[in-house]
Every structure is written in structure tokens, then in C-alpha cells.
Amino acid sequence: MKKIQRILVSVYNKNELLPLINMLFQYNPNLEIVSTGGTQKFLEDHNLPVTAVEEITNYPSILGGRVKTLHPKIFGGILNRSDNNNDHLDLQKFNIPNIDVVVVDLYPFQETLKNTSNHTDIIEKIDIGGVSLIRSAAKNYNDTLVVPAISEFDAIMELIKKTNGYTSLNDRLIFAQKAFKTTSEYELAICDYFNQQTKDSNQENLDVIFNHNNSHSKQLRYGENPHQKGTYYG
């Protein structure tokens, strides 16, 4: 069991964020929040103590916000292993704060596709830092909890209530699985979009990628072998 002491929050959709943060403070009044850009301002506007990512990295957000969290002091805090002495030495040497929880809600790429055909706008909604944060925290589930989307806020709040502000290894593994499902579906949507862009050019088009996690599915009743089940996707 690990107590939640420092979290990194970077979300596009800020709905339901306050209940989650307030609950974390209930179980740890000394909770530290690290945040970026709009999320940082949102939390500050609600009188919540926040440490800006720039204060840790000593580097500003650059390229119009395209690069904010991509820094060794952030990813070192997420990826360090609690049972690795060399990792501890690196944290001390480079003054890297440990991060227990990563809360992310990605740029709405899929929703943007539905609302516009402007290629520039669509490209700017391809999240880079958020996906990297999710994958890093999920990889290091042994020590770090990842909350990969706003749709998981209810689940994590239920968990926090149950464990009084702690997380178990199994909890972190379950959310890591959810994290990679989130990023795989996100990447698939991007791949499909680029696939469509090449159809009208002379470039070779990629094969369609089949996503067995597609929620639009229906189990078939007839035609299968007795030991098998058939499913229609689409």
C-alpha cells in the first residue's frame, strides 16, 4: 500500500476535477499538486495550492504549449523505482520530486474530428505530453497510479474512499491496464485519420487496423462451431 502524497494533474476537460482533488485533500491535507497551464490556473482559481511544472523543471512552456511536461525532472519523478537504489541516488542528485499519481485527460482528438475538417485544428489536438505521461505512469505501476481519463474519475474516487487515500499494487495494475487501453484507442483514431489523408494521394495506404476493443459489437447466435462464439464488430 502506498499513500498518495504528490500528484501530477494535466487535464483538458476539467469537469469533475474538483471533487477528486478535494477528496484527496480529505485523506492527506499535506497533498502536493503539480500541474500545467490551464489546469494549474483552474486549480488556483479555486484556491487550491499548486506547484507549476515550470517551478520543477526551471524551463518554461514553449512552442505555444506544445512542450510543457516533457522533461527528465517530470518523467524521472514518475518512472523512478522505489526498490532501486540507483534511482534514489538520481532523484537526490538531480533534485527530482517523486510523483505518486498521474491524472490526465487527453486532448479531444476524436471529438475534434466530429466537429471540424480543418486539418491544422485536428493536428493540434494530437496529444503528445499527455500520452507520454499516461504510458510512463502505467509502465511504472509498481509505484505510480495512473488515472488516464475523466471517465475514470468515479472509479478512482471510489477506490480512494475504500482505501483511505492509499493504493495497492493490484489497484495500480488495474488502472495501468485501463491506461494502455485508453492510449491504444487514441492512437488508433489518429492512425485512421492519417489513413484517410493518404487515400486521396499517391502514397501507399496502410491496412485497416482491427480494434477488438470496439464497444460497438454484437454476439452472434448462429453459425459457430459448438465450442466457439462469434461476434460482429462495427
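This is a predicted model: local features need pLDDT of at least 70, side-chain atom pairs count only at pLDDT 80 or more; totals for chains, interfaces and linings use all residues.
A few ground rules come first: local features need pLDDT of at least 70, side-chain atom pairs count only at pLDDT 80 or more, and totals for chains, interfaces and linings use all residues. Residues are numbered from 1 along each chain as its sequence is written, and side-chain values use heavy atoms, with hydrogens and water left out.

The pLDDT score is the predictor's confidence in each residue, on a scale from 0 to 100. For this chain the mean comes out at 88, with 92% of residues at 70 or more. Strand β9 (residues 231–233) has the lowest confidence, a mean of 78, while β6 has the highest, at 96. Helices (H or I, at least four residues) and strands (E, at least two) are DSSP runs, numbered from the N terminus.

Now for the sheet. Two strands count as paired if DSSP finds at least two bridges between them. Five strands make up an open sheet with parallel pairing, in the order β4-β3-β2-β5-β6. At its edges sit β4 (51–52) and β6 (145–147), each of which pairs on one side only. Strand β3 (residues 32–35) runs parallel to β4 and is joined to it by two bridges. Ser35 has Ala52 of β4 as its bridge partner.

On to the helices. Two packed helices are described by the angle between their axes and the distance between the axes. Here the axes are lines fitted to C-alpha atoms, for helices over the stretch in contact, and angles between N-to-C directions run from 0 to 180 degrees. Angles under 35 degrees count as roughly parallel, over 145 as roughly antiparallel, 65 to 115 as roughly perpendicular and the rest as oblique.

Helix α1 (residues 17–27) and helix α2 (residues 37–45) have axes that come within 12 Å and cross at roughly 65 degrees, so this pair is roughly perpendicular. Their contact (heavy atoms within 4.5 Å) brings together Leu17, Leu18 and Ile21 of α1 with Thr39, Phe42 and Leu43 of α2.

On the α1 side, the contact uses Leu17, Pro19, Leu20, Met23, Leu24 and Tyr27; α9 supplies Phe153, Ile156, Met157, Ile160 and Lys161.

Finally, the axes of helix α4 (residues 72–79) and helix α8 (residues 129–139) come within 8 Å and cross at roughly 30 degrees, so α4 and α8 are roughly parallel too. From α4, Ile74, Phe75, Ile78 and Leu79 meet Ser132, Leu133, Ser136, Ala137 and Lys139 of α8.
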